[in-house]
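Hello,

I am passing a structure on to you, and I hope you enjoy looking through it. Please open it first, and then read my notes on the backbone below.

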Amino acid sequence: MAGVWAVIFVYVLFFCAASCQQIYSDDKNYCDRNDQTIEILNEKIEYLRQENAKQMDSLKQEIARIKKNETNIHEDLKSSILETIKSEFYKDCKKLYIHGNTESGVYEIYPFGIESKVSVFCDMMTEGGGWTAIQKRVNGSVSFDRTWTDYKTGFGNPNASYWIGNDVIHQLTKRGNSSLYVSITLTNGTKLYELYNQFSVADETSKYRLFLGGPATGTLGDSMFDTGIPDQFDLSGMSFSTPDRDNDGWNYNCATWSDLRGGWWFNYCHLAFLNGPWSPGDWIYPWYPTVTNGKQIKETRMMIKPT
């Protein structure tokens, strides 16, 4: 009997040992699988961390780009606003004068708006200031014997002698009434002038037709509007002529005569002509009968101001 129990005991012991071995083996496999799972999860976490870092870097770069663009946009907007303000405030010399520029000299104005600026001479002293010089001559360094295109766009230097350009004159006078101030300084220092209360110039399609109105006052006398010989020499209503464009009231081209060569609102032909050949050229009747020859002239100016 004792032998039987011994056999049973050995069998149970063997069975328990086998079971433990199996349990150990299963636990070991389970642990190994958990280790593999943890390793895989760690790899995925590292991958996600790296991807997240890349996305964060990309996001930071995008934020920096947006901020930079925002700054540029603000600067562009600021610049645009300033240009718009300038174009509104500085359309002509009168606007400049109103906003505190009281010294005569060369300024930039914006008659066409922000699209373009024009350098001009502003007279801030004469007759209340704010005059825009459309013509100025101080010597013969700049020839006024020019083509239609030259007179259209302008030429010369506003610091010395220049023509502002017929397109600019039209732009400055198309919206309302302007006055015209003409001055001639003689070689002896005497300054003569004539003031016209109404002045405007049409556009190129109308051949820059001149419109003048009175009354004219001054020391030069009226040699443009009411000359007393209206069918031949009054210039109001006349189109602009140049040596290559004949728009005057004569059968020939006044602008091609040797003593006249230059652009002007000729009729048949003129009693007033400020763009003639500078001395020693034969420039006749710059402002007849007050000034009969260009050799008498030291300086000329034509200036306009909105009224």
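A word on terms before we start: strands are DSSP runs of E with at least two residues, and they are numbered from the N terminus. Please also keep in mind that this is a predicted model.

Let me begin with Glu127. This residue sits in the loop between strand E2 (118–123) and strand E3 (131–137). Glu127 is not a glycine, and yet its phi is positive, at about 45°.

Tyr285 is another non-glycine residue with a positive phi, here of about 55°. Where does Tyr285 lie? You will find Tyr285 in strand E9, which covers residues 284–287. With a relative accessibility of 33%, Tyr285 is classed as partly exposed.

Now to the peptide bonds. Which form does the bond from Gly214 to Pro215 take, cis or trans? That bond is cis, and its omega is near 5°. Pro215 belongs to strand E8, made up of residues 210–218.

A cis peptide bond also links Tyr268 to Cys269, with omega near -10°. As for its setting, Cys269 is found in the loop between E8 and strand E9.

Note on methods: Residues numbered from 1 in each chain as written. Predicted model: local features only at pLDDT ≥ 70, side-chain atom pairs only at ≥ 80, totals over all residues. Heavy atoms only, no water. Helix = DSSP H or I, 4+ residues; strand = E, 2+ residues; numbered from the N terminus. Buried < 20%, exposed > 50% of the residue type's maximum accessible area, 1.4 Å probe, protein only.
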